[in-house]
Amino acid sequence: QVQLAESGGGLVQPGGSLRLSCVASTFTVDYYAIGWFRQAPGKERERKGISCISTSDGSTYYRDSVKGRFTISRDNATNTVYLQMNDLKPEDTAVYYCAANVGYCSGYPLEGDFGSWGQGTQVTVSS
C-alpha cells in the first residue's frame, strides 16, 4: 500500500485560502487516482470525495460544492498532490483526508474504492 501524509490544514477566516498537501510514498505503478475526502465535526466521513486527480494524465473531478473554489493538482516528481482551497466557507470545516487507489479518476471518488489513506488534517473556517 501507498503511505500518505497530509499537511497544510489550519484555522482560516471565511473567504480565506489554504493549500493542503498530500505526500505519497513511492508509487508502485504509474497510474493512481488520488482523492480528497472530508469529515465534518460530528459526522461520518463523506462517502463521496470532493475532488480527485489521476496521476497519469492529470484529469480531475470536483464535487459541485467545491467547484470553482478548490483546485487539485499534482507534482509527479515529488509524489505530491495539492488541494488549493479558496473562498473558504464555515461549512468547509472538516478533517480532510487524501486517499489513493490504483487506476484513474472517473466521476465521483467513492470512499470504498480507495485502499490507502492519510491520517487527515484539520481545516477550520471561522471568524
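1. The structure holds two disulfides, a disulfide being a pair of cysteine sulfur atoms within 2.5 Å. The model is a predicted one, in which local features need pLDDT of at least 70 and side-chain atom pairs count only at pLDDT 80 or more, while totals for chains, interfaces and linings use all residues. Residues are numbered from 1 along each chain as its sequence is written, and side-chain values use heavy atoms, with hydrogens and water left out.

2. Cys22 belongs to strand E3 (residues 18-24) and Cys98 to strand E9 (residues 94-102), so the bond ties together parts that are 76 residues apart in sequence. Strands (E, at least two residues) and helices (H or I, at least four) are DSSP runs, numbered from the N terminus. Cys22 is buried at a relative accessible area of 2%, and Cys98 is buried at 0%; buried means under 20% relative accessible area, exposed over 50%, and partly exposed in between, with a 1.4 Å probe and protein chains only.

3. Cys52 and Cys105 form a disulfide with their sulfur atoms 1.9 Å apart, and here the torsion about the S-S bond is about -75°, so this disulfide is left-handed. The bond links distant parts of the chain, since Cys52 is in strand E5 (residues 51-54) and Cys105 in the loop between E9 and strand E10 (116-117), 53 residues apart. Both Cys52 and Cys105 are buried. With the bonded cysteines of the protein chain numbered in sequence order, the pairing reads 1-3, 2-4.

4. What aromatic pairs does the structure hold? There are five, where rings of Phe, Tyr and Trp (its six-membered ring) pair if their centres lie within 6.5 Å, and planes under 30 degrees apart count as stacked, over 60 as edge-to-face and the rest as tilted. Among them is the stacked pair of Tyr31 and Tyr104, 5.5 Å centre to centre with 5° between the planes. Tyr31 lies in the loop between E3 and strand E4 (32-39) and Tyr104 in the loop between E9 and E10, so this pair ties together parts that are 73 residues apart in sequence. Tyr31 counts as partly exposed, at 35% relative accessibility.

5. The rings of Phe37 and Trp117 have their centres 4.9 Å apart and their planes at 55°, so the pair is tilted. Phe37 in strand E4 and Trp117 in strand E10 are 80 residues apart, and their pair links distant parts of the chain. Phe37 counts as buried at 0% relative accessibility, whereas Trp117 is partly exposed at 23%. One aromatic cluster is formed by Phe37, Tyr97, Phe114 and Trp117.

6. The charged end of Arg45 sits over the ring of Trp117, 3.8 Å from its centre; a charge sits over a ring if NZ of Lys or CZ of Arg is within 6 Å of the ring centre and within 35 degrees of the ring normal. Lys48 lies over the face of Tyr108, 4.3 Å from the ring centre.

7. E1 pairs with E3 in the antiparallel sense over four bridges, two strands being paired if DSSP finds at least two bridges between them. The bridge partner of Leu4 in E3 is Ala24.
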